[in-house]
Amino acid sequence: AEELGFYGVAIRLIQFLYLFPPLLSGSTFPTFARLAVRDNEKMRALLERTLTLTFLVAFPIAVGGLIVAPEIVEFIFGKGYLAAIPALRILMLTLATTFPIALLGNAVFAYDKQKLLVAYAAIGGVANVILDLLFIPPFGILGSAWATLISQILAGAYLWRATKRISAFEVLSRLPRGLWGTIGMGGVTFLLHRSGVNLLLTIGASAAVYAGLLLLFRE
């Protein structure tokens, strides 16, 4: 029961961050639905741009959250919940899959290929159950967090490949500048974290550095 309480803290924080992908995907779906029928080339271009945007948002949040997880937990819940930090750090990595998956799901739906979403959900659900059974007994809530991350990667990889067969989008070649920006931001975040700078100041400074690096890289 105690471990479930700590895991609940990590899940609540992650679920709050999970609210952002549906906001973006919901705003793009009408355009997806129109272009999927009329102009596949424009649909592909829009999907590439929006997927790139989701990664540009997900990467710094995941890396920054991984670094300042102790301060986040203490700031919101107090020192009594610091045991939730390791699970939160693992779950932060799931943002790199959940952000693009929301867009991929809408793209699949726009192409009227909903059966792919059923297979995606089945892969994620079955993998999560199996990995929970394997990982939770020896590792507790860390095992559950790893099971969630791995199952999301497996299901996300399937949906990515399936969507790529429908619309031959290319995103990976667009990501290096965002990755370099994330690395630079992560370095600044780590230095501020180690220096004991206030959490809100650290987040603000890290966001400013990341935005500046993207501008510098013309991203």
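Reader: Which helices each supply at least two residues of the lining of the second largest pocket?

Author: They are H2 and helix H5 (95-110), helices being DSSP runs of H or I with at least four residues, numbered from the N terminus. This is a predicted model, in which local features need pLDDT of at least 70, side-chain atom pairs count only at pLDDT 80 or more, and totals for chains, interfaces and linings use all residues. Residues are numbered from 1 along each chain as its sequence is written, and side-chain values use heavy atoms, with hydrogens and water left out.

Reader: What is the mean pLDDT of the protein chain?

Author: Where pLDDT (the predictor's confidence in each residue, from 0 to 100) is low, the predicted coordinates should not be read in detail. Here the chain mean is 91, and 100% of residues reach 70 or more. Confidence is lowest in helix H2 (residues 20-38), at a mean of 83.

Reader: Which residues line the second largest pocket?

Author: Rolling a probe the size of a water molecule over the atoms shows where empty space is left. A pocket is an open set of points on a 1 Å grid over the protein atoms alone, where a 1.4 Å probe fits, with protein on both sides within 12 Å along at least five of seven lines; lining residues have an atom within 4 Å of a point. Among those lining this pocket are Tyr18, Pro21, Thr98 and Gln152. H5 provides the largest share, four residues.

Reader: Which helix gives the most to the lining of the largest pocket?

Author: H3 does, with eight residues. Of the 21 lining residues, Ile61, Gly65, Val68, Ile72 and Ile203 lie nearest the centre.
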